[in-house]
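Please find below my note on the model under review.

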Amino acid sequence: MKMNKMKALKMLLALMTAWTLLAAMPGLERTAHAASGFYVSGTTLYDANGKPFVMRGVNYAHTWFKNDLNTAIPAIAATGANTVRVVLSNGSQYTKDTAQNVSAILSLLKQHKMVAVLEVHDATGSDSAAELDKAVNYWIEIKNALIGQEKYVILNIANEWYGTWNGSGWANGYKAAIPKLRNAGLTHTLMVDSAGWGQYPDSIRDYGQSVLAADPQRNTMFSIHMYEYAGGNAQTIKTNIDNVLNKGLCLTIGEFGQYHTNGDVDEPTILSYAQQKKVGWTAWSWHGNGSSYAYLDLAHSAGGGLTDWGNTVVYGLNNANGIKQTSVKASVY
């Protein structure tokens, strides 16, 4: 009888150990998350079905071209893009996009089976905590258009907030912003652009883990904007991507071009290395950059007609690593 009790105890301990190991398995953890929406685990973004999702898409400057929405989105969808990063305004600098506007955008993107990355553009380049807070307050103001859309929407809190190349001030701002969004009931995956107008990824390398830790849901990813500084040559690109991934953080290239104000961009390496590392990207931008920045237009008009830059992004270089070859729709569609 005593021996039987010992056997029973050993069996119970073995079962408990097995259950602990099973509960820790990534697949089971993802299943538990799957009901609500996108979420981050380590360096990977998962959709609501627990499938890895890698962004392949474009930026669309909606807030400056509000009347082009119904023309542009179907044209972007025709490229095969799985993601559109949408420029919005909280009214601080540009004409405000209302909750009704945002609902219409999301409805159209869902119709065309594309994921929305929504960003507030008004705080671009600002170091002001007040400007970041305005962006946060905007998301809270329109939250009724956002709650329930977690499977289809990622919130890029503020485009290129913190223009200075300094990581600590940038981190402190987001450590305050993220809990405020969570306390308001917004459970979406959040995206945070690096400091230095998005081109100082050392801010993510040095402080990204502490920013992630400030999110009670640990559902924050990071974004580098690769122009002449963060994306000027192959070594810089690879180092910047590896430095973030090696910290166990989830990364996307939220913007990149083929050239910028102060120099060239090595877009072939961005396309190839992002594919190798399973890092997402959204190219800047669909149309309307003006004569001084026309080289950044992917299309000649809202309705399409790809430029040379657009052909590079959509078809890749030597038919490799473009949207057509690498874009996979989110499994929720």
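**Note on the model**

Among contacts in the chain between residues at least 6 apart in sequence, 75% join residues at least 24 apart.

1. The model is predicted, and the remarks below should be read accordingly. Its chain contains 12 helices and 14 strands.

2. Of the 333 residues in the chain, 53% count as buried. The accessible surface amounts to about 13,900 Å², and carbon and sulfur atoms account for 53% of that surface.

3. In soluble globular proteins, nonpolar side chains tend to be buried together. Here the largest nonpolar core comprises 78 residues. Within this core, the residues with the most contacts are L118, W139, I157, W170 and Y174.

4. Which residues does W139 contact, leaving aside its neighbours within four places in sequence? The partners are L88, L118, E119, V120, L146, L155, N156, I157, L181 and L186. Two of these partners, L118 and I157, are also listed with W139 among the core residues with the most contacts.

5. The largest pocket has a volume of about 530 Å³. Its lining consists of 25 residues, and those nearest the pocket centre are E160, W197, Y227, E255 and H260.

6. How is the lining of the largest pocket divided by class? There are 12 polar, 10 nonpolar and 3 charged residues in the lining.

Conventions: Residues numbered from 1 in each chain as written. Predicted model: local features only at pLDDT ≥ 70, side-chain atom pairs only at ≥ 80, totals over all residues. Heavy atoms only, no water. Helix = DSSP H or I, 4+ residues; strand = E, 2+ residues; numbered from the N terminus. Buried < 20%, exposed > 50% of the residue type's maximum accessible area, 1.4 Å probe, protein only. Contact = heavy atoms within 4.5 Å. Areas by Shrake-Rupley, 256 points an atom, 1.4 Å probe, with all protein chains shown as cover. 1 Å grid on protein atoms, 1.4 Å probe; cavity = no way out; pocket = protein on both sides within 12 Å on 5 of 7 lines; lining within 4 Å. Points joined across faces, edges and corners; volume = space filled by probe spheres on them. Nonpolar A, V, L, I, M, F, W, Y, C, P; charged D, E, K, R; others polar. Core = buried A, V, L, I, M, F, W, Y, C linked by side-chain atoms within 4.5 Å.
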